[in-house]
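Subject: Structure handover and notes

Hello,

Please find the structure below, followed by notes on what was found in it. Could you read through them before setting anything up?

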Amino acid sequence: MCGIVGYIGKSKNVGDILLEGLKRLEYRGYDSAGIAIVRDGELFTDKMPGKIKKLEEVIGKQDLSGSLGIAHTRWATHGEPNRINAHPHYSADMKIAIVHNGIIENYITLKKSLIAEGCEFRSDTDTEVLAHLIERFYNGDDLEFAVQRALELVEGTYGILVVSASEPEKIVAARNGSPVVFGVGDDEYIIASDVAALLKHTRQVIYLEDQQMVVATPKHFTTMTVQNEYVEHHIHEIDWNLEQIEKGGFDHFMLKEIFEQPETIRNAMRGRLIDETGRARLGGLDMTVDEMLEVKRLVILGCGTSWHAGLLGEYMIEEKVRIPVEVEYASEFRYRNPVLEEGTIILAISQSGETVDTLAALREAKSRGVRCMGIVNVVGSTIARESNAGVYIHAGPEIGVASTKAFTSQISVLSLLALMFGRQRNISQSEGQKMIAALKALPDQVTQILEANDSIRDISEKYHKHDNFLYLGRGPNYPVALEGALKLKEISYVHAEGYPAAEMKHGPIALIDENMPVVIICPRDAAYQKIIGNINEVKARKGKIIAITTEGDDEIIKMADHVIFIPKTLDFLYPILTVIPLQLMAYHIAVMRGCHVDQPRNLAKSVTVE
């Protein structure tokens with residue numbers, strides 16, 4: 001969740017490098033920020049609550065020169081967001097500084113032990129325990145050894161960077177459960193929790209595995225385990241560029257990413273559709289025809305928006321492949337005793353590929369001998385590396401905390417998965433070709449919906465002061481109702497509920513009156529006539545109806561207060577189109593309510609702590 005960044009190398013302006021890195025990582029946490037620079041045998045530090053610009057205002061006129069330093073932007077877990085609890089944290093003698101992403105689960109026990117030894121704590125955080133433990137084992141010239149000894153006592157997750165004023169040409173990084181990426185530049189190294197902080201300096205990176213660490217000096221680095229065993233490193237090439245993580249003229253990253261969806265959906269399908277045979281090709285799954293035919297059950301794991309994508313995958317795969325599909329909250333999966341019989345495949349969905357709950361569930365399934373696949377966006381991420389096989393969605397960097405383009409790309413890949421498996425079982429060549437034609441039409445159809453942005457903004461303006469919304473959908477558009485409600489909650493702090501439309505009369509109908517906006521997702525699909533009945537039920541109770549329906553639907557115009565039209569497609573692909581207006585509505589309502597769209601309160605982009 002938190003963002004960490006460190007630098008060592010030829011630059012004499014390390015403070016500017018660290019601040020720039022923090023800005024690129026701010027979507028990972030923005031409760032507070034801090035910096036520590038090693039110079040002339042001393043630590044020069046400062047930290048501030050709030051967003052990074054507050055830290056920048058405080059230290060902007062200070063001397064930020066040096067060639068070694070670390071910095072942190074925080075998403076609070078232990079201790080309220082204030083200056084004392086902000087990172088970096090320090091040893092008692094103020095010679096050692098540490099930044100940390102993760103949770104030390106046994107910190108209370110360790111803290112009591114250190115206090116009994118006379119240690120005084122300055123903060124309420126779990127991280128400060130590590131700083132004092134490292135100091136306990138440090139003799140002034142072997143920082144990596146002291147870090148190793150301290151980590152032997154720690155239970156939990158960590159991505160850490162450690163520096164010491166006594167060793168002004170050394171930085172130590174270690175990882176267990178929280179991502180750490182080591183960037184290899186020209187006589188310089190930059191280390192961070194995300195590649196976004198590295199791109200200006202290098203595309204050559206090493207992804208640390210759990211229980212691994214790296215020790216870097218200005219001219220050399222060594223990778224090893226925290227047990228002090230040498231590890232051979234493998235350098236990967238980042239295929240993102242700086243332009244992709246800039247706003248490109250848009251007011252917010254979220255709006256930019258909504259408007260990127262025609263291209264990102266196209267990228268998710270590029271090179272994976274075979275028109276002649278009506279098939280999909282997903283080479284990353286590495287499965288033979290016989291292996292596909294042996295699959296008896298699919299269990300999809302995800303959290304938040306990825307879980308909603310999984311629900312859509314359930315509709316698609318059960319309909320087209322005719323095998324049972326279960327969708328599980330990854331955060332709950334490993335805390336019960338799931339039945340994983342022979343023929344079951346686990347499919348883990350995560351934009352970042354680092355979601356700790358999804359990763360833990362995947363590891364649990366792997367430990368039981370089940371074949372595990374991943375659908376992820378970030379190349380080289382932990383889930384991508386630890387899955388037996390998988391598919392990249394190729395959405396490019398998603399900076400906005402509320403996921404948009406990753407969601408539609410995930411659904412696109414799931415539709416390809418349904419086509420690929422379905423053609424081996426139930427789908428004819430002609431049906432496969434029809435599906436491919438519909439899939440290829442999606443990018444232009446999304447563009448058409450985006451052209452209605454102004455009218456969607458006008459609708460949003462009429463309702464932006466309302467504090468409650470109800471979203472209704474049937475069949476595959478029920479998960480879209482959940483996703484639309486989640487988007488509104490995430491970025492505008494408006495209470496919103498997504499429901500299966502048929503369930504409205506089993507409770508939620510009590511909420512409906514003239515002050516309740518009801519967003520009804522009702523394309524002209526197999527469930528259309530049924531949902532017309534739900535619209536009449538809302539209308540009879542004077543609810544305000546915002547309908548998402550297929551273009552040319554004159555019947556809805558007579559019933560709804562507002563109508564947003566989408567192009568016609570196959571029933572199972574409608575969610576890729578119906579979700580676009582809901583993303584735009586959530587965005588505009590949040591802006592009109594004065595909310596920080598890209599950095600909503602209490603949220604962070606990549607959830608790497610339990």
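Helices (H or I, at least four residues) and strands (E, at least two) are DSSP runs, numbered from the N terminus. In that scheme, Ser-415 is found in helix H13, which covers residues 405-423.

First, the conventions. This is a predicted model, in which local features need pLDDT of at least 70 and side-chain atom pairs count only at pLDDT 80 or more, while totals for chains, interfaces and linings use all residues. Residues are numbered from 1 along each chain as its sequence is written, and side-chain values use heavy atoms, with hydrogens and water left out.

Confidence

The average pLDDT (the predictor's confidence in each residue, from 0 to 100) is 91 for the protein, and 98% of the residues score at least 70. Helix H8 (residues 289-294) has the lowest confidence, with a mean of 84, and helix H19 (residues 574-592) the highest, at 98. Where pLDDT is low, the predicted coordinates should not be read in detail.

Buried positions

Ser-415 counts as buried because its relative accessibility is 0%. Its side chain reaches the backbone oxygen of Ser-412 at 2.5 Å. That is within the limit for a polar contact (a pair of N or O atoms within 3.5 Å; within protein, one must be able to donate a hydrogen and the other to accept it, and residues adjacent in sequence count only if both atoms are side-chain atoms). With neighbours within four places in sequence set aside, Ser-415 is in contact (heavy atoms within 4.5 Å) with Met-316, Leu-439, Phe-572 and Leu-573.

Ala-590 is found in helix H19 and is buried, with a relative accessible area of 0%.

In helix H7 (residues 261-269), the buried residues are Gln-261, Pro-262, Thr-264, Ile-265, Ala-268 and Met-269. An α-helix has 3.6 residues a turn, so residues three or four places apart point the same way. The cover over the buried residues of H7 includes helix H6 (253-259), strand S15 (273-274), H13, helix H14 (429-450) and H19. Just after H7, Gly-271 takes a positive phi of about 75 degrees.

Loops and backbone geometry

Ala-402 is buried, at 1% relative accessibility, whereas His-394 is partly exposed, at 36%. His-394 has a positive phi of about 60 degrees although it is not a glycine.

Asp-187 also has a positive phi without being a glycine, with a value near 55 degrees. Asp-187 sits in the loop between strand S9 (181-184) and strand S10 (188-192), and is partly exposed, with a relative accessible area of 35%.

His-87 and Pro-88 are joined by a cis peptide bond, with omega about 5 degrees. Pro-88 lies in the loop between strand S4 (68-74) and strand S5 (89-90).

Cavities and pockets

The search used a 1 Å grid over the protein atoms alone: a cavity is a set of points where a 1.4 Å probe fits but cannot get out, a pocket is an open set with protein on both sides within 12 Å along at least five of seven lines, and lining residues have an atom within 4 Å of a point. Grid points are joined across faces, edges and corners, and a volume is the space filled by probe spheres set on the points.

Over the whole structure there are four cavities of 30 Å³ or more. The largest cavity has a volume of about 240 Å³. It is lined by 23 residues, and Arg-28, Asp-194, Ser-352, Glu-354 and Val-378 are the closest to its centre. Its lining has ten nonpolar, six polar and seven charged residues. Here Ala, Val, Leu, Ile, Met, Phe, Trp, Tyr, Cys and Pro count as nonpolar, Asp, Glu, Lys and Arg as charged, and the others, Gly among them, as polar.

The second largest pocket holds about 370 Å³ of space. Of its 16 lining residues, Lys-23, Glu-26, Lys-247, Phe-253 and Gln-599 lie nearest its centre. Helix H1 (14-25) and helix H2 (52-59) each supply at least two residues of this lining.

Regards

Definitions and conventions: Buried means under 20% relative accessible area, exposed over 50%, partly exposed in between (1.4 Å probe, protein chains only).
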